[in-house]
Amino acid sequence: MSLLRLSVIVLGLIFLVGLAWSNPTMDDYLHFVELELGKAIDRMDQGTSSREQQFIRQVFRTQSKKLLESVVRPNTVRQNWGMVSLYEAQVAGTNVVVLGIGGRFIPLQGVEEATLKIGRMAF
């Protein structure tokens, strides 16, 4: 076996181990959902008064963990394939599919719609 071929194999293995090591957990996923909800609240309807917007943001800050634990976590199934994870959830009547790879999340289906519905549920 040539040195070049061996080097490519070693680098490939290092890459795969890095993916496995950085595979997102369920807690990472919940943090991702929390950030998406925060973004949705920031994009709130501008017709709402600033006082109401401030109140909604404050309620979200104090209740987001409870909302995630009671609505998102029980309705999410994680398929862990070692190097990547697929998160599938049925939230607020919406099918949500998110791919977790390398410590990042790639929304595949329904994230925006579910985020808006969960945001409405909180209020």
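Contact here means heavy atoms within 4.5 Å. The model is a predicted one, so to speak of local features a pLDDT of at least 70 is needed, side-chain atom pairs count only at pLDDT 80 or more, and totals for chains, interfaces and linings use all residues. Residues are numbered from 1 along each chain as its sequence is written, and side-chain values use heavy atoms, with hydrogens and water left out.

A handy place to start is G110, which sits in the loop between β4 (104–109) and α4 (111–121); helices (H or I, at least four residues) and strands (E, at least two) are DSSP runs, numbered from the N terminus. Not counting residues up to four places away in sequence, G110 touches T94, N95 and V96. With a relative accessible area of 25%, G110 is partly exposed, on a scale where buried means under 20%, exposed over 50% and partly exposed in between (1.4 Å probe, protein chains only).

V96 turns up again in the largest nonpolar core, which has 21 residues; Y29, V33, V96 and V98 touch the most other members. Such a core is a set of buried Ala, Val, Leu, Ile, Met, Phe, Trp, Tyr and Cys residues joined through side-chain atoms within 4.5 Å. Two or more residues each come from α2 (26–42), α3 (50–72), β2 (84–91), β3 (94–101) and α4, and α2 gives the most, with 7 residues. As for V98, its contacts beyond four places in sequence include Y29, F32, L86, F105, I106 and V111.

On the charged side, side chains of opposite charge can pair when their charged atoms come close. The whole structure holds 2 salt bridges, each defined as a side-chain nitrogen of Lys or Arg within 4 Å of a carboxyl oxygen of Asp or Glu. One of them pairs D27 with R73, the closest N and O atoms being 2.7 Å apart. D27 belongs to helix α2 and R73 to the loop between α3 and β1 (76–80), so this pair ties together parts that are 46 residues apart in sequence. R73 also meets E69 in a salt bridge, at 2.9 Å from N to O. R73 is partly exposed at 29% relative accessibility, and E69 is partly exposed at 41%. Through shared partners, the salt bridges join D27, E69 and R73 into one network.
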